[in-house]
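User: I am new to this structure and would like to understand how it is put together. Please take me through it by question and answer.

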Amino acid sequence: VQLQASGGGLVQAGGSLRLSCAASGSIFSINDMAWYRQAPGKLRELVAHITSGGSTNYADSVKGRFTISRDNANNTVHLQMNSLRPDDTAVYYCNVNLIAFRSRYPSDYWGQGTEVTVSS
């Protein structure tokens, strides 16, 4: 199983970016999907989370600005980021909890990280 993240880049404050993360490989089913971020010198933090049923929750710092969504047909999770601020600068990681074929139990998988830089 592999996760491929894309969509990061450099943007001015107030701008928007859309991150995507596609899961591929021997996947039986996907449970929760999420985005985390890690800024320089800081711990990794949860940004947004979406359940298999579509329920979402967000970090307080991004509520009203970020939207997480999923495309179950393509095993993909997106993060639409609007009104970006310099303190959103970080490496963003997708996280997917899934059951692989020939596996009884769900496991967490991580994408490689995509860098988001917001200039003031």
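User: Among contacts in the chain between residues at least 6 apart in sequence, what share joins residues at least 24 apart?

Analyst: The model is a predicted one. Contacts between residues at least 6 apart in sequence form the basis of the count. Of these, the share that joins residues at least 24 apart is 55%.

User: How many helices and how many strands does the chain have?

Analyst: Along the sequence, the chain reads β-β-β-β-β-β-β-β-β-β-β. The count is accordingly zero helices and eleven strands.

User: What radius of gyration does the chain have, and what would a compact globule with 120 residues have?

Analyst: The C-alpha trace spans about 50 × 25 × 25 Å along its principal axes. For 120 residues, a compact globule would have a radius of gyration near 14 Å. The chain agrees with this, because its own value is 14 Å.

User: Leaving aside neighbours within four places in sequence, which residues is Met 81 in contact with?

Analyst: Met 81 is one of the residues with the most contacts inside the largest nonpolar core. Once neighbours within four places in sequence are set aside, its contacts are Gly 15, Ser 16, Leu 17, Leu 19, Arg 65, Phe 66, Tyr 92 and Val 116.

User: Which cysteines does the disulfide join, and how far apart in sequence are the parts tied together?

Analyst: A search of the whole structure finds one disulfide. This bond joins Cys 21 to Cys 94, with an S to S distance of 2.0 Å. Cys 21 lies in strand E3 (residues 17–24) and Cys 94 in strand E9, so the parts tied together are apart in sequence by 73 residues.

User: Is that disulfide right-handed or left-handed?

Analyst: Both partners are buried, Cys 21 with a relative accessible area of 1% and Cys 94 at 0% relative accessibility. The torsion about the S-S bond of Cys 21 and Cys 94 is about 55°, and the disulfide is therefore right-handed.

User: Is Asp 88 buried or exposed, and which side chain does a polar contact of 3.0 Å join to its own?

Analyst: Asp 88 is found in the loop between strand E8 (76–81) and strand E9 (90–100). Because its relative accessibility is 0%, Asp 88 counts as buried. Not counting residues up to four places away in sequence, Asp 88 touches several residues, among them Arg 65, Phe 66 and Ser 83. The polar contact of 3.0 Å joins its side chain to that of Arg 37.

User: Asn 75 has a positive phi although it is not a glycine; is this residue buried, partly exposed or exposed?

Analyst: Most residues other than glycine have a negative phi. Asn 75, in the loop between E7 and E8, has a positive phi of about 50°. Because buried means under 20% and exposed over 50%, its relative accessibility of 24% makes Asn 75 partly exposed.

User: Where is Arg 102 found, and is it buried or exposed?

Analyst: Arg 102 also has a positive phi, of about 65°, although it is not a glycine. Its place is the loop between E9 and strand E10 (107–110). Because its relative accessibility is 83%, Arg 102 counts as exposed.

Key: Residues numbered from 1 in each chain as written. Predicted model: local features only at pLDDT ≥ 70, side-chain atom pairs only at ≥ 80, totals over all residues. Heavy atoms only, no water. Helix = DSSP H or I, 4+ residues; strand = E, 2+ residues; numbered from the N terminus. Buried < 20%, exposed > 50% of the residue type's maximum accessible area, 1.4 Å probe, protein only. Polar contact = N/O pair within 3.5 Å; in protein donor to acceptor, adjacent residues only side chain to side chain. Contact = heavy atoms within 4.5 Å. Disulfide = S-S within 2.5 Å. Rg over C-alpha atoms; globule rule 2.2 N^0.38 Å. Core = buried A, V, L, I, M, F, W, Y, C linked by side-chain atoms within 4.5 Å.
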